[in-house]
Amino acid sequence: MESVGSIIIYVILALALVVFSIMAVTTRKILRAATYLLFTLFAAAGIYFQLDYEFLGAVQIAVYAGGIVVLFVFSILLTSKPGDNSEALSSKSRLTGLIAALAMLLVTGAALLSRCELFAARPEMQNPDMHLLGSVLMGTGEGQYLLPFEAVSVLLLACIIGGVVIARRR
Amino acid sequence: MEITAVFYLLPALIMFCAGVYGFITRRNMIAILISLELMLNAVDVFFVVFNRYLHPGQLEGMFFTLFAIAIAAAETALAIAIIINIFRATKNVDVRGLNEMKF
Amino acid sequence: MDATLPLLILVIPLAMFLLLGLFGNKMSHPLAGTLGTLGMGTTLVLAYTVAFTYFFSGDPMFIAENGDRLQHVVFDQTWLAFTQNLVIKLGFLLDPISAMMLVVITTISFMVHLYSMGYMRDHHGVYEHGFQRFYAFLSLFSFSMLGLVVATNIFQMYIFWELVGASSYLLIGFYYTKPSAVSASKKAFIVTRFADLGFLIGILVLSFYTQTFNFVEFTSAPVSGLADTYQVSIATSEGIRNIFATAAAPTFMGASVLTWALVLVFMGGMGKSAMMPLHIWLPDAMEGPTPVSALIHAATMVVAGVYLVARLFPLYLMETAALDIITVVGAVTAFYAAMVACAQIDIKRVLAFSTISQIAFMMVSLGVARPDFHEGLGYMASMFHLFTHAMFKALLFLGAGALIHAVGSNDYTAMHGLRKHMPVTHWTFLIGCLAIAGIIPFSGFFSKDEILSSCLGNSTFVYIWMSAVAALTAFYMFRLYYLIFWWKEHETPAGHHAPHDQPWTMTLPLVILAAVSCVAGFIPFGNFVSWNGEPYDFMAHFDWSVAAVSLAVAVLAIALATVMYRKENQLPAKFKNAMPALWRWCHHRFYWDELYMFITHKIIFGLVCKPIAWFDRHIIDGSMDAMAAVTNKASEEIKPLQSGQIQFYVWIYLVGALLLGGITAICLL
């Protein structure tokens, strides 16, 4: 049985997630879309907090909200003038999008609702502390992630070089 | 009242579907990228929720999300570099205008 | 015999061709010319050495104890071995006629190489464009011709036969910026190629039945009693005799297979030696530089047909029907060409038709040769005439080249009265004319007399006919001589300096060839060349009545020419007006070219090719175009599917995947 406070927080987070994500894809001002994305990402971070993954929530806010959204905002400001509206969607393209999205929703939703184990109560869990996370991330044993960690570091390096090479002025 | 896994999963699913909708309908490349981020994030939420509810003692879902965030950051940086480059060449971020090489 | 010298005879001209052809443009003109001439000079020395060794060394390899000359294969290298029987070899066959041809080819070729050093430059000493290329082609031709005459088998001969055709093509078209030269080279190539088709079929038929390409086996086997002479084992000769016994039996359109094969082979010879009706290329071939005409189109390549028949002569003896065909073709050609030569204005054309006529003499001589008359005198006479004709006709052509070079025109109308201006050319040209007319003691007298003797031995009609041709020959040659050197005083056009004798490089060959033409008749040719290798002393059987008749005929013809052409007068014009039709037909070469044009253009192109072309353009091309158009249309229609818009692809993918998922879900429920 959850406390009323956590239910209220859940409702706020879920509503924010749904409403802002829908608004992010329907607004005609691109800068607003980026802002709604930011809110959506905050809501997702909130869900991570509520599910006891504080570290993950912090990473979500730091990397996504702090890094990626700032990148978005910069590129938007570089590529469009303030006050630009994207043209209104034709009903045909809206329809195709809706069909795809709703079909997706229906099929996947039906699949989710048909699984009864998803209706079980939340089990108890020890909050993973930084010591544990650090040892898992740096370990080489089973269920430990040093190799992906190093791979990601190489990926990020390649990404930095690639970004510089692609975007620099020739 | 219990907040079961479905309560988290359904909003995440709606978020994903919103991403699909945006990806298909939007013409601005940056908007498409935003829709892509939405879908990625929805999947992140799925990972975390499944991890928390179905395998509480383990950390696989969480670490998948962690790496997904890192990779999403890399992917976004590259994609934006490409978009800016295209914009510089064509003064245009509308995907419909980018078919000179096609026909 | 050691193979080194014979091999070098072939290798040096080939090496010169490669050297001058590949690096000629890097060399200076005199260097290229000197290199080519020196290479040919070396070949000349080698060829003389080989021929001298063959004829005079008395080596048992070359001469049997009873004095018969033997065929000797110096080397015979397998080149392509397709099957057990179909083996193509390249080798070096030394026998009387190939040794004789080695001498002729290298002599004339060397003279022409030397002469061209002077001829291929203008009055100011500036070399012509493509001078090095010219020498490269001359070397190629010399190589091919030498390879042809020493061929050990008919296939090697065919290969070199085509090579001489190709080099002739290249040299006729030497002035490739001149449209007439280009079309003349194409004409020569196409006509001789057409004839070579017959040659090839003849080769195939012949070797299909005999299972061999080798000349030694062809020529020695079928004639009884010769197996020993030609060093062929009795077993082989028996086998081949049996093959021919059966091969001769089946007939096709009234003639035996062997006859067909021999006539087809002769067709190749007709093309190369410009016999009627395949003679049309030779007059046009005069578009090439004059030294080329002297070398290729007078002395060497055009006698390849005669050489071919001589090479296969024992085979022809088996089928006298083929020999009769050769006689008829030769006799008709000789008369026709002599008639036409009387009415030409271009001096090179006169010489060209004279060449056709003289080669036809050789052909007739081969055609009438039978072993039962004077031991096959005709064969020897033909080869003798080939030898003497090569010398004096090269002399005449080189002299004509000197005249053309001095005057700058091919027509005798621009010459007239040159005897005082160009004394050396005048005297050598006169010797050439006397030789071809058959005046004693010049070389042509002896060879022509032998030909006429052997004609008389075959049939009186042929004898009278060929004597008439001989008279015509004397007439047209002296007509040419008087019109060039006498007729009236030379008038140099304003702005030109008077014609004069050419530099020593051009006059020396003339003098040498004239000297040879003076003395060559006294060579006891029968001692060296005869159809079966057995020496035959013709002088011992010399028929003075025939000689007197031919001499009298020649002198009469010359006298007539003297009356008509020595001084400017109205006789030729009167003569022409008396028989306008005859003159016109002769002048237009009896309209053979027009007939060919009619057949090729009107009949073949108009009636056959045009409908085929229409069918090709509209039906074949049309169906292809329709297929292409349908494909094009279809691809245009489905092109928008591949829009390149990822969003569209994603939509298709999603809907597809979801439909699949939905169907699966429904089925599972």
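**Entry 1. The strand pair in chain C**

I began with strand β1 (residues 72-81) of chain C, which runs antiparallel to strand β2 (residues 87-94) of chain C and is joined to that strand by 8 bridges. I am working from a predicted model. The link from β1(C) to β2(C) is a hairpin, made through 5 residues. I looked up C:Phe75 and found C:Phe92 of β2(C) opposite.

**Entry 2. Helix α2 of chain C**

I checked the length of helix α2 (residues 29-56) of chain C. This helix has 28 residues and spans 40 Å from the first C-alpha to the last. That is close to the 40 Å expected at 1.5 Å a residue. Just after α2(C) I noted C:Gly58, where phi is positive, at about 70 degrees.

**Entry 3. Helices α9 and α12 of chain C**

I noted for reference that two packed helices are described by the angle between their axes and the distance between the axes. At what angle do helix α9 (residues 257-272) and helix α12 (residues 304-311) of chain C pack? I read about 155 degrees, with the axes 7 Å apart. An angle over 145 degrees counts as roughly antiparallel, so α9(C) and α12(C) are roughly antiparallel to each other.

I then listed the residues that meet. From α9(C) they are C:Val265, C:Phe266, C:Gly268, C:Gly269, C:Met270 and C:Lys272. From α12(C) they are C:Ala304, C:Gly305, C:Leu308 and C:Val309. Sorted by class, this contact holds 6 nonpolar, 3 polar and 1 charged residues.

I went on to the loop between α9 and α10 of chain C, where C:Ala274 lies. C:Ala274 is not a glycine, yet its phi is positive, at about 60 degrees. As background, most residues other than glycine have a negative phi, and most peptide bonds are trans. Is C:Ala274 buried or exposed? I counted C:Ala274 as buried, because 29 other C-beta atoms lie within 10 Å and 20 or more are enough for that class.

C:Pro277 is also in the loop between α9 and α10 (281-284) of chain C. The peptide bond from C:Met276 to C:Pro277 is cis, with omega near 0 degrees.

I recorded another cis peptide bond from C:Ile440 to C:Pro441, where omega is near 5 degrees. C:Pro441 sits in the loop between α17 (423-437) and α18 (443-458) of chain C.

**Entry 4. C:Val182**

I looked up C:Val182 and found it in helix α6 (residues 179-210) of chain C. With 15 other C-beta atoms within 10 Å, C:Val182 is partly exposed. Leaving out residues up to four places away in sequence, C:Val182 touches C:Gly173 and C:Tyr176. I also took the C-alpha to C-alpha distance from C:Val182 to C:Ala285, which is 9.9 Å for a pair 103 residues apart in sequence.

**Entry 5. Chain A**

I turned to chain A, which has 6 helices and 0 strands. From the N terminus on, the order is α-α-α-α-α-α. Chain A has 170 residues, of which 25% count as buried. Among contacts in chain A with a separation of 6 or more, 46% come from residues 24 or more positions apart.

In the loop between α2 (30-50) and α3 (54-79) of chain A I stopped at A:Asp52. Phi of A:Asp52 is near 75 degrees, a positive value in a residue other than glycine. A:Asp52 has 17 C-beta neighbours inside 10 Å and therefore counts as partly exposed.

**Entry 6. Chain B**

Chain B has 3 helices and 0 strands, in the order α-α-α from the N terminus on. Of its 103 residues, 53% are buried. Residues 24 or more positions apart make up 48% of the contacts in chain B with a separation of 6 or more.

**Entry 7. Contacts between chains**

How many residues of chain B are in contact with chain A? I found 63 residues of chain B against 69 residues of chain A. On the side of chain B, the elements that give two or more residues are α1 (5-25), α2 (29-54) and α3 (60-90). α3(B) gives the most, with 21 residues. By class, the side of chain B that touches chain A has 46 nonpolar, 11 polar and 6 charged residues.

Last, I looked at chain A with chain C. This contact takes 5 residues from chain A and 6 residues from chain C. The chain A side divides into 4 nonpolar, 1 polar and no charged residues.

Note on methods. Residues are numbered from 1 along each chain as its sequence is written. Chains are lettered from A and ligands numbered from 1 in the order in which they are written. This is a predicted model: local features need pLDDT of at least 70, side-chain atom pairs count only at pLDDT 80 or more; totals for chains, interfaces and linings use all residues. Two strands pair if DSSP finds at least two bridges between them. Helices (H or I, at least four residues) and strands (E, at least two) are DSSP runs, numbered from the N terminus. Two residues are in contact if their C-beta atoms, placed from the backbone, lie within 7 Å. Ala, Val, Leu, Ile, Met, Phe, Trp, Tyr, Cys and Pro count as nonpolar, Asp, Glu, Lys and Arg as charged, and the others, Gly among them, as polar. A residue is buried if 20 or more other C-beta atoms lie within 10 Å of its own, exposed if 12 or fewer, and partly exposed in between; C-beta atoms are placed from the backbone. Axes are lines fitted to C-alpha atoms, for helices over the stretch in contact, and angles run from 0 to 180 degrees between N-to-C directions. Angles under 35 degrees count as roughly parallel, over 145 as roughly antiparallel, 65 to 115 as roughly perpendicular and the rest as oblique. The expected span of a helix is 1.5 Å times one less than its number of residues.
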